Amino acid sequence: MPDQTVPVPKKPTGVETLKQGSHGLRGRLAEELAEGGIQVSEDAYNLLKFHGSYEQFDRDTATALKQQKLDKDYQFMVRVRMPGGVLTAEQYLGLDRLADSHANGTLRITTRQGIQFHGILKGDLKPSIAAINHTLLTTLSACGDVVRNLMTTAAPRRDARHGRLRADADMLSAALLPRSRGYHQIFLDEEPVAGYDETETLYGPTYLPRKFKIGLAVPEDNSADVLSNDLAAIAVFDQADRLLGYTIALGGGLGMTHNRADTFPRLASPICFVGPDRLLSIVEAVIRLQRDHGDRTDRRRARLKYVVEDHGLDWVRRTLESYYGERLDDPRPTDRLHIPELLGWHEQGDGLWWLGVPVPSGRIKDTDTVALRTALREVVQRYRADPVMTAQQDVLLSNIRPEHRQAIDQVLAGHGVVPASALSTFSRFALACPALPTCGLALTEAERVREPIVATLDGLLRRHDLQDRRISLRITGCPNGCARSYAGDIGLVGRIPGHYAIYVGGDFDGHTLSFRLLDRVPEARLGDTFAPLFGAWALQGLPEEGFGPFCTRMGRDALLGLTSE
C-alpha cells in the first residue's frame, strides 16, 4: 500500500504570530519605553526593528558583568532611512549633534547608504528617534520585514540619468512605507486621526516574511551592487538620455547560515522589462508575490531568493504576471555593469564639484590622530556641502563651489584626514561590517580587524607589483553578508572567534558570486594563505583579469594546491 501519510503543515514562526497581533506594529512598545529600565522584552525587540532600532549589548563587557552578577550593558542601534544616501547640510549637522547628545560620539555609514547610531540608552531611544524626524528624516522601515533603505548610485552627477535614478528611488521609498501610524504615535506623540485607514493593502497584516531590499542602477554605475538585492532595477536609456524603462531582476540576497546547505547567497536573475511609468507597479507586484509565497515557517529561508530558487523563473514570471495584471515583456539586455571611482574630486556637471572622502569601515569618528568627524562637520558648516553616503561606506561632499576646493583640502588635511589619492587602491575598496562588540550575531571581528588585514594583504600585493589593480575585499563577522562578502573578489566570513572562511571568485563589478575556498582560517594565517594566490595571479593572470575572475578560471582544486604547497 502506498504511504497515505499527510504531511503536517509547518507552523508560522513566533515572529509571524507577533506581527499578526501587534496592532500595526505597536504592541506594548509605548508602555515599555515609558516603564524605564535598560532593556525591552523579546516581543518589543522584534517590533522595534520595524521602527529602525535593534537592541544590542556591549559584548566586550558582558563576561565581566556576568561574573559580577550584573546586567549586560544594554544599548540600542538606531538606523536612518535615507534613499540613495542623500542628505542636506542641515540634516547631516543635525545627525552629527545627535551622535554626542544621545549616542556614542560616532556615526556609521552602512553598506546600504544609511547612517546608524550605536550606544543609545533605552531612555534616550524615543528622544533620539524624534530628533532624527526633526531633521525631516525617519527611521521607519530602516529595519524589519519590510522594504529597507532604497539604494542607487551615490554619484551627484547633474545629468538626466543620475537624476532619474535618484527621483525614482525617492518615489519608491515614500510609496513603500507601511500605512500604520504606530511609529508616529509611539515616537512622535501623534494623536490618532479619526477615519484614517491603516489597512496594509500592500504588506498585509503580517508584513513580509523577511526584509526586502531594492537597488537601482545604470550599467555604467553599479556602485549600489544591485544584483545583491531582492529586486534590482537596471535603467535602460537611449542615446538621448531618455529613459526607456527598467530591466527587473529578482532573487538576490547574500545571507546564509553556516552548516545549512539549503541556505546560500544568490544574485538576482533578470525576469522582465517594464516601461518608465510602470516601475512602482512591478515593484508592488513583486512585493505581493513575496508576501504570499515567502516561507513564514523558517526565517532562515524566508527571503525572495528562495522563492525564486525553489519554484524556478518560469513559475515566478507566471505568478508575477497575475499580480502585475498583464503579460510581462522579456528583460532587455544591458551593457556590462561597472563600478566607477567616486572618491576624490569630480565635476558634477552643473559647475559645482563633489569630493569623495574615504571613511574606513564607514565609522565617522575622531581619534587621537584623525579628527574625521570634526573635519566633516567643519566643511559642511562652512561650505554648505551636502553629503551623500555611498554603498562603499564613504561620504561624497557635494555642491562645492570650485573656488572652495583648496580650502576644503586644507581643512581635511589639518585634521589629519588622509585623502583618497594617498590610499592604496586595495584599501579604498575594502568593506567591513560592525561585528563585535555591538552585533549579537557576530562570530568574530570585522571592523576592528579591517586595518591590519588590509595592511597585510596590501603588502602582499605590493610585493608582486599588483598595488594598482582594482580588487575588492569584504569582511563580515558572521555569514549574514552585511558587507556583501560573497560578491567581491575576496570575502572573509566569520566562522569562529579569530577564524574566517575565505571566499574568492567573485568579480569587482558585481556580476559573479564567490565560492568558498577554505574554512576556519586563523586571522594570523591570512597573509600566508593569500601570498601564493597573489603570486599565481601575478604570473598567470590574463591581461586586465581581476583577481576574482582569475580564481574562477583556475578553479578551487588548483587554488587549494597553491595554498597547501
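Asn399 is partly exposed, with a relative accessible area of 22%, where buried means under 20%, exposed over 50% and partly exposed in between, calculated with a 1.4 Å probe on protein chains only. The residue lies in strand β13 (residues 395-400); strands (E, at least two residues) and helices (H or I, at least four) are DSSP runs numbered from the N terminus. Phi of Asn399 is near 60°, a positive value in a residue other than glycine.

The model is predicted, so that local features need pLDDT of at least 70 and side-chain atom pairs count only at pLDDT 80 or more, while totals for chains, interfaces and linings use all residues. Residues are numbered from 1 along each chain as its sequence is written, and side-chain values use heavy atoms, with hydrogens and water left out.

Further backbone features were found in loops. Most residues other than glycine have a negative phi, and most peptide bonds are trans. Asp225 has a positive phi of about 50° although it is not a glycine. Asp225 is in the loop between β5 (214-217) and β6 (231-237) and is buried, at a relative accessible area of 3%. The bond from Leu436 to Pro437 is a cis peptide, with omega near 10°. Pro437 belongs to the loop between β14 (430-432) and α15 (450-463).

Thr153 is also a loop residue, placed between α6 (122-134) and α7 (160-175). With 2% relative accessibility, Thr153 counts as buried. Apart from neighbours within four places in sequence, Thr153 is in contact (heavy atoms within 4.5 Å) with Gln113, His162, Leu165, Leu216, Asp221 and Ser223. The C-alpha atoms of Thr153 and Arg260 are separated by 34 Å, the two residues being 107 residues apart along the chain.

The largest nonpolar core has 95 residues, of which Phe117, Tyr246, Ile248, Leu250 and Ile282 touch the most other members; such a core is a set of buried Ala, Val, Leu, Ile, Met, Phe, Trp, Tyr and Cys residues joined through side-chain atoms within 4.5 Å. Helix α9 (residues 279-293) gives the most to this core, with seven residues. Apart from this core lies another, of 39 residues, among them Leu431, Leu457, Ile490 and Ile502. Residues touched by Tyr246, not counting those up to four places away in sequence, include Arg164, Asp168, Ala233, Cys272 and Leu279.

Helix α9 packs against helix α11 (residues 313-324) at an angle of about 115°, with their axes 9 Å apart. Axes are lines fitted to C-alpha atoms, for helices over the stretch in contact, and angles run from 0 to 180 degrees between N-to-C directions. The contact involves residues of α9 including Ile282, Ala285 and Leu289, and residues of α11 including Val316, Leu320 and Tyr323.

In α11 the buried residues are Val316, Arg317, Thr319, Leu320, Glu321 and Tyr324. Their cover includes β7 (243-250), β8 (269-274), α9 and α10 (304-311). The end C-alpha atoms of α11 are 16 Å apart, in agreement with the 16 Å that its twelve residues should span at 1.5 Å a residue; the expected span is 1.5 Å times one less than the number of residues. Gly325, which follows α11, has a positive phi, near 95°.

Helix α12 (residues 372-383) also has twelve residues and reaches 16 Å from its first C-alpha to its last, close to the 16 Å expected. Among the buried residues of α12 are Leu372, Arg373, Leu376, Val380 and Tyr383. Just after α12, Arg384 takes a positive phi of about 55°.
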